[in-house]
Structures are given as C-alpha cells and as structure tokens.
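Hi,

Here is the structure I said I would pass along.

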Amino acid sequence: MANFGGADATKPNVDPELQDFLMAENERARLSAQIHEFTDICWDKCVEKPSNKLDSRTESCLANCVNRFVDTSLLITQRFAQSLQKSQGM
C-alpha cells in the first residue's frame, strides 16, 4: 500500500472535518432507514384495510405509533450527542 504523506502506511491521513461530515451523514442515513422501517411497522400495525378516510381507531393508533417514534428518535439523538461529546472530549 502506498504511503501518501502519512506516518503510518495502514492509516491514511483523513481530514477531521471530513470524518465528522461522514459520521453525520452515516447517522442521517441510519435515521432515514429507521423512519422507513417505523413507517412500515406503524402501517402494518394500524391500517387493516386502506380506504379513502382514516377511522378514529386507525388515526389514534397511527398517532400513538408516531409519538413512540418521536420519543425513540429523541432518545437516540440524545445518546448520539452524548457519544459525540465524549469522543471529542478524548
């Protein structure tokens, strides 16, 4: 493997800003995948048969499902922020 200016041939020099950007993009991709997965779960759980209008039971189920998603997303975001702060503090 060629060494392009790095002290260690196995670890190429990578811009810290680029690393941060890639980490953020990776997290966005994971969150997007979770949104799609959660949408499928809520749909399968709450919508028995599609129609032109949502009945109150389906609407309530979807609202509760979305609320749980928001709660979960906030928790994940907080944990990610804590993890990021710890890694930057080291």
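**Pockets and helix packing**

Starting with the second largest pocket, its lining has 4 nonpolar, 2 polar and 5 charged residues. Bear in mind that this is a predicted model. The volume of that second largest pocket comes out at about 160 Å³. If you want to find it on screen, the residues lining it are Trp-43, Val-47, Glu-48, Lys-49, Pro-50, Ser-51, Lys-53, Leu-54, Asp-55, Arg-57 and Thr-58.

Now for the largest pocket, which holds about 200 Å³ of space. Its lining consists of Ala-24, Glu-27, Arg-28, Arg-30, Leu-31, Gln-34, Ser-73, Ile-76, Thr-77 and Phe-80. By class, that lining splits into 4 nonpolar, 3 polar and 3 charged residues. Two helices are involved here: helix 1 (16–46) and helix 2 (56–89) each put at least two residues into the lining of the largest pocket. Helix 1 is the top contributor, with 6 residues.

On to how those helices sit against each other. The axes of helix 1 and helix 2 are 10 Å apart, and the two pack at an angle of about 160°. An angle over 145 degrees counts as roughly antiparallel, so helix 1 is roughly antiparallel to helix 2. Their crossing is right-handed.

As for who touches whom, here are both sides of the contact:

- From helix 1: Met-23, Glu-27, Leu-31, Gln-34, Ile-35, Phe-38, Cys-42, Lys-45 and Cys-46.
- From helix 2: Arg-57, Thr-58, Cys-61, Leu-62, Cys-65, Val-66, Arg-68, Phe-69, Ser-73, Ile-76, Phe-80 and Leu-84.

Sorted by class, the contact of helix 1 with helix 2 has 14 nonpolar, 3 polar and 4 charged residues.

Cheers

Conventions. Residues numbered from 1 in each chain as written. Predicted model: local features only at pLDDT ≥ 70, side-chain atom pairs only at ≥ 80, totals over all residues. Heavy atoms only, no water. 1 Å grid on protein atoms, 1.4 Å probe; cavity = no way out; pocket = protein on both sides within 12 Å on 5 of 7 lines; lining within 4 Å. Points joined across faces, edges and corners; volume = space filled by probe spheres on them. Helix = DSSP H or I, 4+ residues; strand = E, 2+ residues; numbered from the N terminus. Nonpolar A, V, L, I, M, F, W, Y, C, P; charged D, E, K, R; others polar. Axes fitted to C-alpha atoms, helices over the stretch in contact; angles between N-to-C directions. Parallel < 35°, antiparallel > 145°, perpendicular 65-115°, else oblique. Left-handed = near helix turned anticlockwise from the far one by under 90°. Contact = heavy atoms within 4.5 Å.
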